[in-house]
Every structure is written in C-alpha cells, then in structure tokens.
Amino acid sequence: MNDTPPNSFRNQPDDRGHFGEFGGRYVAETLMPLILDLEREYRAAQADPAFAAQFDDLLEHYVGRPSPLYFAERLTEALGGAQVWFKRDELNHTGAHKINNCIGQILLAMRMGKTRIIAETGAGQHGVATATVCARFGLPCVIYMGAEDVARQSPNVFRMKLLGAEVVPVTSGGATLKDAMNEGLRDWVANVHDTFYIIGTAAGPHPYPEMVRNFQSVIGTEARAQMLSRTGRLPDLLVACIGGGSNALGLFHPFLDDADVKMLGVEAAGHGLDGDEHAASLLGGAPGVLHGNKTYLLQDEDGQITEGHSISAGLDYPGIGPEHAWLKESGRVEYTAVTDKEALEGFQLLCRTEGIIPALEPSHAIAAVADRAKTMGKEEIILMNLCGRGDKDIFTVAEKLGVEI
Amino acid sequence: MTRLSNAFSKPHAAFVAFITAGDGDTAANLDALVAGGADVIELGMPFTDPMADGPAIQSANLRSLGAGTTTADVLQIATDFRARHPDIPLILMGYANPMVRRGPEWFAVAAADAGVDGVICVDIPPEEDQALGPALRTKGIAPIRLATPTTDAERLPQVLEGSAGFLYYVSVAGITGKQQAATASIETAVAALKAATDLPVAVGFGVRTPEQAAAIARHADGVVVGSALVDLCREFGKEAPAKLQELTASMVAAIREANK
C-alpha cells in the first residue's frame with residue numbers, strides 16, 4: 001500500500017499512529033477497542049477496490065469533483081508578482097472541502113454496520129456536510145455545536161435541521177467547538193455499539209488524522225495533475241489556511257516529496273499573536289494532549305486549554321492536526337499567521353478582483369498569498385486551496401465593515 | 001504502594017472516595033471522607049476539558065478552575081493531606097495534559113514528594129503508556145488502569161501489563177455519574193477480571209447509594225463513588241463536610257454489612 005521511500009515525508013504516521021512524537025491514541029479505555037476496530041476496518045476498506053470506486057463515484061456525481069483549477073488573472077495583476085492559481089474546493093456541494101471527508105467516513109460507517117452518526121461542528125460547515133451525507137444515506141444524525149456557535153451561526157443550524165439532523169447546543173465549558181468535541185466524545189463513549197463519530201478535521205485519535213488526510217488528499221492529487229496538464233510544471237508555493245488543518249493537508253500531502261514545492265500553512269492570528277486573542281496553535285501554542293492526540297495546543301502553564309479566537313469560527317479550535325505539528329518540527333512546511341483585519345482585506349480583495357466571495361477561513365490564506373506574491377517573480381506559481389465559499393460569512397463581514405443588512 | 005495494598009487487605013471491600021481538588025474547602029472535605037471511613041482517596045485534578053466525565057464532575061472541574069486552582073495547589077492539598085493522614089492511600093485522578101505539561105518526570109517527582117500512592121490518567125491507555133507510565137514507576141507510584149465493558153478478553157492482558165495498585169473497573173460504557181450497570185453484569189465482569197489478575201478490582205461509575213455499594217462489595221475488592229460526593233460539595237459548599245461524612249459512613253456501613 002505504501003510505496004514511498006524510507007526518507008519520504010509521505011509515510012507518516014507509524015503503525016501506532018504517531019507522527020514523530022505527535023498523534024497517537026490518547027483516549028479513554030472504553031473507546032480504545034473501538035478505535036482499534038475502526039483502524040482494522042479502514043485498512044480493509046483501503047485494500048478494497050469497491051470502496052474506492054464508490055468513494056470516487058460519489059465525489060464525481062454528488063460532490064462535483066474534480067473541482068476546477070483556476071488561474072486568478074486579475075488578482076495576479078493586482079498583486080504584481082507570482083501567478084496565483086486556486087483549487088476551487090469552494091465549488092463542492094455544500095460549499096467547502098468538508099464534504100470529501102464526510103463521504104469517506106459515512107461509507108466506512110456503513111461498512112462497519114453502524115446505524116447512527118454523530119459529529120461536532122464549530123462554524124457549522126462540517127455539521128452541514130455531515131447532515132448532508134446522513135440525509136443522502138438515510139442515517140440518523142446528531143450534531144453537537146457550542147451554544148455560542150449555535151447563536152452565531154443560525155443559517156447553518158437551520159440548514160442542518162432541514163437536512164434532518166438533530167442539533168444539540170452544548171453549554172458546558174466555553175460552549176464553543178472544543179466543548180462540542182468533548183460532548184461528541186461523551187456521546188460516543190456511551191453509544192459505542194451502534195454509533196460512528198465523523199470527526200471533521202485531521203485530528204483526534206489515530207486513525208482519524210491519517211484517514212481524514214487521505215480522504216482530503218483528493219484535493220492535492222487532482223491539483224497536481226491539473227497543474228501539470230495546464231502548465232507543464234509544478235507550483236512553486238502551496239498555500240492553505242489551517243484550523244484543524246484538513247484542507248491544508250489535503251492539498252499538501254500529495255506534494256510533500258516534491259522537494260522544489262514550498263508550502264505555507266496559514267493560522268488565524270485573531271487580534272494578534274502578541275496577546276491571547278488568537279487561534280494559532282503552532283505559532284502561539286505548545287505541545288500537549290487533547291481530544292485523543294498529542295499536538296500543539298493553546299494552553300496555559302498548567303496545561304489548561306485556553307479558548308481560541310478568530311473572526312472565522314472555522315479556525316478557532318485550540319488545537320491542530322498532529323501531522324502539522326510534525327511537518328512544522330521537520331521544517332517541511334512553513335507556518336505563518338494572519339490577523340482578523342488582514343483576512344477581512346483578503347476577503348474583499350478576492351470579491352473585487354475575481355468575483356468570488358470566499359469564506360473567512362481561506363480569506364486568511366488569500367492575505368498570505370497577497371503578501372508572498374509580491375515578493376516572487378512573475379514566472380513563479382502560487383497554488384492556493386480556496387476551501388470554502390463565503391455565503392455563510394456575509395453577516396459577520398457586514399458587521400465588521402459596519403454595514404447593516 | 002504499601003498503603004494501597006493495606007487498604008485492599010481488609011476483611012471488607014475498600015470504599016474509594018473521589019472528590020475534585022479545589023472545589024470548596026478540599027482539606028475539610030477530605031478529612032470528612034476519612035472520618036466517615038473511606039479506605040482510599042481519589043483526588044481529582046481539575047481540567048478544562050474533562051471528556052470522560054458527566055455533568056456533576058464536569059462542573060466541579062470548572063468550579064475549581066474558576067476559583068483559580070493550579071497544579072501547585074493540587075499538589076499542596078495532597079502534601080497537606082499526607083501530613084494529616086499518613087496511612088490513607090491517596091490517588092491523583094485526571095487527564096493527561098495537566099499531568100504531562102511540565103514533563104512526566106516532573107509530575108512523577110512532584111506527586112511522589114506530595115505522598116501520592118497512585119495515578120489514574122483517564123486518557124492514557126496502555127498504547128500510550130510511555131507518555132507517563134515509566135516516570136511514575138521510577139518514583140514508585142502505581143499507574144492505575146481502567147478496564148471497561150468494551151475491554152474484551154483479548155485486550156485485557158495489555159491493560160494489565162504495567163498496571164499496579166488496583167484495577168479500576170468502569171462498570172458502564174459511558175461517562176461518570178450516569179446510570180449504573182446491572183449487578184449481574186458487574187458480577188460476571190469482576191469474576192473475569194479477577195481470574196486474569198492478582199490486583200484488587202474496584203468498581204465505579206454510577207454508584208450513588210449504600211444499597212448499590214453493598215451489592216458491588218459482595219463481588220469486588222473496592223467500590224468507587226465520585227459524582228454522588230461531588231454533588232454534595234456543590235450543593236452544600238462550606239457545609240459539605242458533614243454531608244460527605246454522613247454519606248461515606250452510610251456507604252461504609254453497608255459495605256461492611258455486606259462483607260460480614
């Protein structure tokens with residue numbers, strides 16, 4: 001299954017789910033047998049051509065893949081440097097990359113004979129994607145969502161309900177994404193016999209980080225082939241925003257062994273990295289253990305988890321996928337952070353130059369692209385994952401811009 | 001560890017009492033548990049994200065952290081307890097991140113210095129033992145593992161390997177403080193565990209009444225009660241010690257009666 005060379009960046013994790021010192025299976029004993037069972041079933045699915053065929057068929061005909069690779073001509077002109085290309089994952093069904101992973105996991109859930117699906121959601125994008133695949137396959141679905149987020153993201157709450165999901169507002173702790181994940185884990189531990197937990201990002205206990213990365217790698221695999229076919233060469237720089245990090249890994253992973261392709265992951269700097277109001281786990285956090293894996297976390301000196309802040313509800317998780325922690329320490333990927341204000345500027349820039357309203361999450365990546373493109377030559381190529389569309393964010397943006405709608 | 005083996009060598013099952021450190025006057029509450037006859041104390045280390053706990057212990061964690069409890073405070077509570085009660089075994093129970101934040105060796109040394117006999121870390125399964133287990137063993141602290149209804153016969157040896165002190169059987173697949181398992185299923189499970197290990201087996205999760213405690217004591221070596229005691233800390237605040245002693249004494253009496 002794995003034909004990469006021993007010094008490859010693509011052969012993580014090890015057989016215990018470790019990416020270097022990160023990752024692993026830090027879960028309560030009740031969940032441990034289930035996690036092991038999940039891994040066995042996932043390996044069997046990987047070896048089964050019928051599973052891949054069904055996954056590919058749904059991605060093509062239900063999700064709308066392959067998503068286009070698009071040369072952003074006017075944005076490139078406006079920036080006056082490197083050519084900017086977008087992988088258009090915002091054109092997927094449900095408006096973001098999240099659905100790629102949900103298709104994979106629900107197929108696995110059904111293969112395992114599970115009859116009930118649970119998930120956590122922050123901004124609601126993963127909740128909507130999960131509710132969507134549950135409706136598609138007729139499985140009951142419970143979505144845990146922080147009560148604060150339920151209030152802030154009412155359109156997505158309504159979408160989930162339209163799709164037949166039960167949305168449970170979580171009031172424990174800070175009532176945001178990490179608390180929703182805690183509640184998801186509590187549900188799972190009490191319903192292990194029939195329930196499958198669809199985790200929304202490349203984090204959590206092994207095998208989730210690897211599995212989610214692999215389902216999302218369709219992004220980079222397509223983009224690599226499309227770029228070669230359109231330009232005859234590979235890009236010089238890949239850019240993607242990072243909350244938990246699944247869209248970035250999806251883009252980066254197929255390129256990791258292309259030594260000339262640089263990569264930039266963009267975290268949310270919120271109000272700035274010098275204060276506490278950010279969500280940059282890699283740049284402003286420290287290694288620790290949460291939600292089943294060892295990774296970089298926002299935490300205090302006693303190991304208590306602190307709340308992330310970002311204008312984008314999809315980025316304000318206080319942790320990050322363990323593979324990013326490893327890629328940072330190995331030096332293969334560079335990480336930076338972009339503030340709320342810069343992301344808002346990136347959002348408007350793309351609206352005006354390309355006629356594309358991006359989600360606030362990739363608006364962080366746009367801001368970083370704008371920054372880097374200017375320092376690069378016109379023959380160079382930046383490929384950014386435009387991982388979500390901005391319809392969900394227009395109310396937040398209007399408020400920040402002081403506009404009443 | 002001698003303190004732990006002594007506690008499980010009595011003619012009756014051990015009563016293992018859990019409360020969260022820093023939730024109310026912990027020193028007074030611990031003294032009340034001892035006065036009521038508790039054989040083993042589990043002191044909960046508060047954490048922002050207690051994923052395996054139900055509402056009672058979740059809110060105790062948040063009350064404690066809200067009151068400003070630090071890791072240093074928890075260790076001081078343990079140190080003071082050990083000075084007052086030289087013979088009662090004391091266990092720290094909590095989640096990995098606060099335990100490994102300064103490194104497992106730091107934590108093991110600090111816990112040993114505080115007179116701690118054992119550590120239960122909810123989210124370090126045998127697969128991740130290296131994250132904390134070796135450091136604890138070096139300092140003579142028992143890494144106490146959990147077995148659950150999902151731990152099958154194939155997996156049990158792995159759980160037992162490296163376990164010490166006692167085996168904590170979580171009687172329901174779920175979070176703390178919820179429903180209790182049927183006595184019959186507990187009896188079967190405990191028998192299977194005892195056939196596989198010489199470690200004492202204590203049973204917890206969902207035990208709230210003296211009757212339930214007595215039923216478990218007929219089969220197990222220990223009975224763990226947490227949420228019911230934590231609820232008293234919340235409800236009675238400064239007046240909690242008298243209530244804790246009362247409930248503990250009634251549980252202990254029921255256990256001793258059952259083991260006559």
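**Chatting through a predicted two-chain model**

Reader: At roughly what angle do the axes of α10(B) and α12(B) cross?

Author: Two packed helices are described by the angle between their axes and the distance between the axes. For α10 (residues 210–217) and α12 (residues 240–258) of chain B, the axes come within 8 Å. The crossing is right-handed, and its angle is roughly 35 degrees.

Reader: Over to chain A. Which strands stand at the edges of the open sheet?

Author: The sheet has four strands, with antiparallel pairing, in the order β1-β2-β12-β11 (chain A). A strand at the edge has a single partner, so one of its sides is left without a neighbour in the sheet. In chain A that goes for β1 (18–19) and β11 (286–290).

Reader: And what is the bridge partner of Y26(A) in β12(A)?

Author: β2 (residues 22–26) and β12 (residues 292–297) of chain A pair in the antiparallel sense, over two bridges. Look across from Y26(A) into β12(A) and you find its bridge partner, G292(A).

Reader: Which helix lies across β1, β2, β11 and β12 of chain A?

Author: Look for a helix running at about 45 degrees to β12(A). Residues 322–330 of chain A form it, and its name is α13.

Reader: What radius of gyration does chain A have, and why does that agree with a compact globule?

Author: The C-alpha trace of chain A spans about 55 × 50 × 45 Å along its principal axes, and buried residues make up 61% of the chain. A compact globule of 405 residues would have a radius of gyration near 22 Å, so the value for chain A agrees: 20 Å.

Reader: Which element gives the largest share of the side of chain A that touches chain B?

Author: The contact takes 28 residues from chain A and 33 from chain B. On the chain A side, the elements giving two or more residues are β2, α1 (32–46), α8 (177–190) and β11. The largest share is six residues, and it comes from α8(A).

Note on methods
Residues are numbered from 1 along each chain as its sequence is written. Chains are lettered from A and ligands numbered from 1 in the order in which they are written. This is a predicted model: local features need pLDDT of at least 70, side-chain atom pairs count only at pLDDT 80 or more; totals for chains, interfaces and linings use all residues. Two strands pair if DSSP finds at least two bridges between them. Two residues are in contact if their C-beta atoms, placed from the backbone, lie within 7 Å. Axes are lines fitted to C-alpha atoms, for helices over the stretch in contact, and angles run from 0 to 180 degrees between N-to-C directions. The radius of gyration is taken over C-alpha atoms; the globule rule is 2.2 Å times the number of residues to the power 0.38. A residue is buried if 20 or more other C-beta atoms lie within 10 Å of its own, exposed if 12 or fewer, and partly exposed in between; C-beta atoms are placed from the backbone. A crossing is left-handed if the near helix is turned anticlockwise from the far one by less than a right angle, and right-handed if clockwise.
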